[in-house]
Amino acid sequence: MASQEEVFKKLVAHCKEYGFVFPSSEIYDGLGAVYDYGQNGVELKNNIKKYWWDSMVLLHENVVGIDAAIFMHPTTWKASGHVDAFNDPLIDNKDSKKRYRADVLIEDHLAKFDEKINKECEKAAKRFGESFDREMFCQTNPRVLENVAKRDAIHARFVAALEANDLVELKQIIVDCEIVCPISGTKNWTDVRQFNLMFSTDMGSTADGAMKIYLRPETAQGIFVNYLNVQKTGRMKVPFGICQIGKAFRNEIVARQFIFRMREFEQMEMQFFVRPGEELKWFEHWKQFRLRWHKALGLGDEKYRFHDHDKLAHYANAATDIEFQMPFGFKEVEGIHSRTDFDLSSHEKYSGKNIKYFDPEINESYTPYVIETSIGVDRMFLSIMSSAYTEEQLEGGDSRVVLKLPAVLAPVKVCVMPLVKKDGLPEKAREIMNDLKFDYKCAYDEKDSIGKRYRRQDAVGTPFCVTVDHQTLEDNCVTIRHRDTMEQQRVAISDLHAIIGAEVNMKNLFKKIVE
Ligand code: GAP
């Protein structure tokens with residue numbers, strides 16, 4: 001069986017071969033951690049966004065959307081804390097000239113102790129066979145105990161250094177652990193420095209008059225600075241939410257794992273404004289709602305878990321991640337945060353404007369508290385693709401690669417195919433497609449054998465193929481083939497709408513997630 005790493009490599013290759021994701025500006029050898037979505041990728045991405053957007057604004061009468069600009073007044077980022085604190089600790093190797101995140105170098109080093117411990121366990125398991133007791137072995141084996149002790153000691157220093165923001169100690173850990181650069185193999189390191197993750201540019205035409213502005217690192221701030229505009233013009237009453245989908249930019253030092261960590265990516269965020277004191281109730285509410293949203297897609301309930309944060313950011317009083325089981329382990333796809341009144345109060349302070357909300361029900365003005373749900377479109381895309389990608393052995397020695405995408409999200413819903421390219425079958429197939437295309441994204445294919453055409457549609461995850469044959473011209477019936485089961489049914493053309501609609505209508509998912 002292929003390892004998860006091999007499967008992931010195949011998935012990345014598949015994304016390129018079938019028009020889902022391309023490396024950015026590939027003819028110039030690409031740009032690190034920047035990707036373009038192809039003809040199928042953009043359809044899948046748009047469907048994910050529609051699923052999220054409609055689940056927010058259609059299902060909640062007190063949630064509305066906005067579309068704020070990417071450029072914002074620079075003071076926004078001072079108020080949000082990004083100018084001062086949105087940093088990663090970086091270190092350069094003087095020989096290879098490669099730059100690393102100091103914390104990632106140390107984490108990778110710590111992971112090596114776990115690998116060593118696992119190897120000891122595997123060796124012992126082979127030696128002892130069925131009588132092997134892993135827990136007992138780990139508690140008594142001297143080599144395991146030695147590795148655990150070393151790992152824990154470094155880990156303790158590492159956590160303390162991060163908490164104290166002690167860059168000198170981070171460097172010292174790298175020196176003491178004799179961590180080498182993976183490229184040059186040397187220990188010739190610079191000091192550790194803080195590196196701000198925001199991209200900046202100049203706005204204005206003259207050098208004197210130019211203003212340094214940032215590409216937003218999150219969409220959330222566009223919502224905060226507009227919250228009162230929306231509240232007043234929409235006559236919204238607390239509790240209410242504002243959501244937004246848009247691009248965000250972060251100059252990630254270590255960009256890895258394909259579209260998991262990108263420098264330009266897209267977020268779907270909602271800020272939900274509540275009365276102070278009610279935030280933890282709403283935090284729990286949105287945690288559960290968001291998990292139902294994920295699970296309704298049917299990728300497998302066991303693939304999700306909450307990861308509650310032990311160490312909270314200074315502005316948060318509760319935070320959790322929704323993690324998904326990617327080919328490289330459980331990873332964060334979405335964050336849900338109770339952000340208190342930190343952002344609004346800070347904008348009030350920096351702008352000097354009163355942005356308090358007057359609550360007519362209790363006759364009081366206050367700064368609302370905020371619950372945030374924040375999910376990356378690209379990470380969601382990756383989670384769906386990685387769970388959909390399937391290699392199947394078929395009867396007769398044949399095999400196929402099929403993307404078992406949730407039908408509602410599939411880029412193409414139905415492919416219409418005439419059995420042969422003559423005898424009026426193409427015309428009939430076009431007629432059927434021309435009717436279906438008002439409701440569903442359709443494809444038309446008349447090239448190669450039907451078997452090859454089915455494989456092509458399997459590879460892009462098309463849930464239905466409809467074949468038109470000579471009999472169709474007499475009885476107005478077609479063969480509909482289901483992607484996952486490969487079952488074929490003879491059905492009336494007039495029934496196609498209902499059959500396809502029953503599977504691809506988002507309403508079915510929405511019904512599962514409303515309480
Ligand atoms: N406003 C809160 C916020 O931005 P975050 O945890 O930094 O919180 C939220 O980001 C989500 O955005 C993450 O859960 C992830 O899905 C996505 N995300 C963050 N950085 C990303 C990156 N470099 N590439 C792709 N997605 C990213």
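Let's start at an interface. Between domain 1 and domain 3 there are zero salt bridges. By salt bridge I mean a side-chain nitrogen of Lys or Arg within 4 Å of a carboxyl oxygen of Asp or Glu. A word on the source: this is a predicted model, where local features need pLDDT of at least 70, side-chain atom pairs count only at pLDDT 80 or more, and totals for chains, interfaces and linings use all residues. Numbering runs from 1 along each chain as its sequence is written, and side-chain values use heavy atoms, with hydrogens and water left out.

So what does hold between those two domains? Six residue pairs are in polar contact there, both residues at pLDDT 80 or more. A polar contact is a pair of N or O atoms within 3.5 Å; within protein, one must be able to donate a hydrogen and the other to accept it, and residues adjacent in sequence count only if both atoms are side-chain atoms. On the domain 1 side, the elements giving two or more residues are helix H2 (39-57), helix H11 (279-295) and helix H13 (377-388). Helices here are DSSP runs of H or I, at least four residues; strands are E, at least two; both are numbered from the N terminus. H2 gives the largest share, nine residues. By type, that side has 15 nonpolar, four polar and four charged residues. Nonpolar means Ala, Val, Leu, Ile, Met, Phe, Trp, Tyr, Cys and Pro; charged means Asp, Glu, Lys and Arg; the others, Gly among them, are polar.

The buried area between domains 1 and 3 is about 1,900 Å², with 77% of it on carbon and sulfur atoms. That is accessible area (1.4 Å probe) lost when the two parts are put together, summed over both.

Now the ligand. Which residues come nearest? Glu372 puts a polar side-chain atom 2.9 Å from a ligand nitrogen. Gly376 uses a polar backbone atom, 3.0 Å from a ligand oxygen.

Back to salt bridges. The count comes to 40. One of them joins Glu334 and Arg290, closest N and O atoms 2.7 Å apart. Glu334 is in strand E13 (residues 329-338) and Arg290 in H11, so the pair ties together parts 44 residues apart in sequence.

Last, some backbone geometry. Most residues other than glycine have a negative phi, and most peptide bonds are trans. The Val238 to Pro239 bond is cis, omega near 5°. Pro239 sits in the loop between helix H10 (227-233) and strand E9 (240-249). Phe258 is not a glycine, yet has a positive phi of about 60°. Phe258 lies in the loop between E9 and strand E10 (264-274).
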